[in-house]
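Subject: Structure handover

Hello,

Here is the structure we talked about. Please open it first, then read the notes below.

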Amino acid sequence: MVKRYLDVKSLAEAQAIVSRSFSCTPSVERVTIEKCVGCVTASPVIARYSVPEIHLAAMDGIAVKSVDTAGADEQHPVTLARVARVNTGNIVPAEYDAVIMIEDVWVEHEQYVIRKAVPPWQHIRPAGEDIGESEMVFASRHMIRPHEPGALAAYGIAEVDVLSVRVGLIPTGSELVDHHIRPAPGQIVESNTLMASAVLTAVGAKCTRYPIVKDEPELIRNAIKKALTENEIVIVSAGSSAGTRDYTADVIAELGEVLVHGIAIKPGKPAIIGRVGEKPVIGMPGYPLSALTLLREIVLPLLGHYGLNPAVPETLEGQLTTTLHKDIGTEEFVLCAAGMVGSRWVLSPLSRGASVQMSAVRANAYITILPGVEGMEKGEPVTATLMVPLADAGQALLVTGSHDPVLDYLADLLRYRNVDLHSTNVGSMGGIIALMNDECHAAPMHLLAKDGSFNVSYLEKHMPGQELVLVCVAERQQGVISRDGLGFDDLMHHTYVNRQKGAGTRILLDFELQKRGIDPQDIRGYDREVTTHLAVALAVKSGEADAGMGVFSAAQALHLRFVPVATERYELAIRASHMKDPRVKALVETISSPAFKAVLERLGGYDTRETGVLRTLP
């Protein structure tokens with residue numbers, strides 16, 4: 001029998017159902033002040049005693065009666081008969097009401113002489129100056145910050161009552177294995193509850209991850225019943241879709257009520273919101289980015305109803321680098337790499353596949369496309385929600401163009417200079433387009449001209465008269481990657497995996513085919529495109545293709561054989577106007593560094609004699 005979703009709700013409707021359907025009563029837990037940071041107070045926190053409890057000297061000097069200093073000045077010094085010598089922090093005897101710094105006192109014949117009158121309470125910390133006994137330190141629902149346990153200790157408070165929202169996380173799926181185990185073919189590492197635990201713990205929830213449950217209704221039912229006895233909220237990972245082995249909705253319906261099955265969001269449509277007794281039971285989709293969307297848009301606001309306070313992220317206004325299309329009626333969240341190029345923010349959308357966890361790893365922002373629109377146009381100003389602090393986003397360096405595995409190592413070295421390199425793999429021609437539109441800081445390329453030169457003729461054609469700088473990363477070997485040591489002339493007799501149109505590797509392939517008079521359509525798999533050298537190597541290693549063109553380091557990484565075809569110049573094109581940007585300066589200096597050259601030599605297939613060399617255009 002084919003399963004169907006219940007009536008799919010909009011995100012706003014689903015959030016409203018969550019708001020009105022649960023009592024959201026947290027439990028209360030007493031914690032020591034050593035463990036209270038990040039917790040939310042359940043009730044007012046009251047000082048046990050005053051600080052200070054008695055008047056204290058705020059300076060080294062003498063305690064005096066202020067009335068005895070009346071009339072003292074340079075012409076009329078006053079010798080004090082009644083004083084007490086005190087140091088900072090000493091108790092001021094009850095009969096005195098001021099302290100004079102020792103620097104303002106002259107000692108003559110064991111008597112104290114002053115030349116300036118002082119007011120009452122000068123240089124005295126009065127009792128209760130910091131806080132008075134029974135005064136409130138924190139109100140209810142205050143999230144305790146890292147610097148505040150010290151104040152609690154000073155005020156006599158050793159333990160605090162805090163809100164405790166216990167969340168049970170149940171992973172389901174017969175194909176799942178624990179993250180300590182390398183999955184066999186057909187198996188998947190269970191990662192969603194790890195992610196959920198981290199996301200929810202960060203806002204103060206107490207999470208329990210239960211063992212993996214196989215796709216059997218009775219086992220899922222028992223796991224949910226157990227979790228309900230131990231937690232305020234239960235989240236079931238996977239099994240929320242409409243497949244033949246997706247049982248979560250049925251089990252929730254048996255135990256209680258399914259309020260929502262299907263939310264008009266992407267990623268995240270298969271989500272379930274259920275209620276068993278007074279407790280929420282949430283069905284979280286199995287795809288990682290779907291799960292992340294549900295956590296952010298449904299579960300974190302739910303925790304807010306319990307009194308936990310997820311931080312409100314910052315936003316910025318930026319321009320899209322590519323047009324985005326979507327279906328009317330669905331609210332879509334698109335992960336992006338955001339960076340400031342020149343004086344404006346640029347937003348480069350990442351892969352929209354719900355299973356591509358690396359999009360979330362690479363992203364520092366996301367944009368929301370509302371249900372009533374069909375998409376957003378390239379160059380359109382949009383609001384992005386940041387996943388990092390604004391200051392961190394300001395360190396992003398956008399590198400758009402041809403892929404090379406060494407860019408990851410370059411990014412690693414740049415982190416030591418507080419620069420966050422975000423690489424988007426769109427091919428060399430895609431990089432030129434991004435550079436033309438001033439949508440990146442640097443465009444990697446290796447475009448072969450008919451005269452055998454690299455890059456310059458393409459830039460002169462597409463960006464005539466523009467002041468540009470080419471930074472040589474390395475001269476690198478391109479060749480045929482295969483399992484069996486195939487050469488270029490073997491390609492007509494084997495299956496092939498290609499790079500995308502506009503990629504320098506594809507241009508090199510076409511150049512070599514033309515030299516030999518070979519029609520590209522005679523290459524089986526010519527139209528099968530991937531976007532990185534590693535993707536070529538993976539397709540070959542998996543047996544999807546017999547061969548593909550790529551760099552030596554990609555073949556080396558996956559222990560494949562490599563037959564060289566050509567040596568090419570891999571360079572970064574940068575607008576001259578951006579060369580003074582501190583992030584770009586760090587990029588250029590790092591490329592020229594001995595540390596980066598050592599990385600290239602270790603990976604193999606790179607000639608570093610030209611590494612760091614600059615060429616200027618025009």
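In which helix does Ser 197 lie? Ser 197 lies in helix H3, residues 192-201. Helices (H or I, at least four residues) and strands (E, at least two) are DSSP runs, numbered from the N terminus. Ser 197 counts as buried, at 16% relative accessibility. Buried means under 20% relative accessible area, exposed over 50%, and partly exposed in between (1.4 Å probe, protein chains only). Leaving out residues up to four places away in sequence, Ser 197 touches Leu 169, Cys 207 and Arg 209. A contact here means heavy atoms within 4.5 Å.

Some ground rules. This is a predicted model, where local features need pLDDT of at least 70, side-chain atom pairs count only at pLDDT 80 or more, and totals for chains, interfaces and linings use all residues. Residues are numbered from 1 along each chain as its sequence is written, and side-chain values use heavy atoms, with hydrogens and water left out.

The whole protein

The protein has 16 helices and 38 strands. Its C-alpha trace spans about 115 × 70 × 45 Å along the principal axes. The radius of gyration is 34 Å, whereas a compact globule of 618 residues would have one near 25 Å. That radius is taken over C-alpha atoms, and the globule rule is 2.2 Å times the number of residues to the power 0.38. Of the 618 residues, 49% count as buried. Take the contacts between residues at least 6 apart in sequence: 77% of them join residues at least 24 apart.

Salt bridges

Side chains of opposite charge can pair when their charged atoms come close. A salt bridge is a side-chain nitrogen of Lys or Arg within 4 Å of a carboxyl oxygen of Asp or Glu. How many does the whole structure hold? The search finds 32 salt bridges.

One of them joins Arg 344 and Asp 438, at 3.9 Å from N to O. Arg 344 lies in strand E25 (residues 344-349) and Asp 438 in the loop between helix H10 (427-436) and strand E31 (443-445), so the pair ties together parts 94 residues apart in sequence. Arg 344 is partly exposed, at 24% relative accessible area. Asp 438 also has a positive phi, near 55 degrees, and is not a glycine.

Another joins Glu 475 and Arg 569, with the closest N and O atoms 3.5 Å apart. Glu 475 sits in strand E32 (residues 468-482) and Arg 569 in strand E36 (residues 561-575), 94 residues apart. Glu 475 is partly exposed at 24%, while Arg 569 is buried at 11%. Glu 475 and Arg 569 also belong to a network of salt bridges with Glu 571, Glu 610 and Arg 615.

Then look at Glu 512 and Arg 516. Their closest N and O atoms are 2.7 Å apart. Glu 512 is buried at 6%; Arg 516 is partly exposed at 37%.

Backbone details

The peptide bond from Val 51 to Pro 52 is cis, with omega near -5 degrees. Pro 52 is in the loop between strand E2 (45-46) and strand E3 (56-57). Leu 617 and Pro 618 are also joined by a cis peptide bond, with omega about -5 degrees. Pro 618 is in the segment after strand E38 (614-617).

His 109 is not a glycine, yet has a positive phi of about 55 degrees. His 109 is in the loop between strand E8 (106-108) and strand E9 (111-114). At 79% relative accessibility, His 109 counts as exposed.

Best wishes
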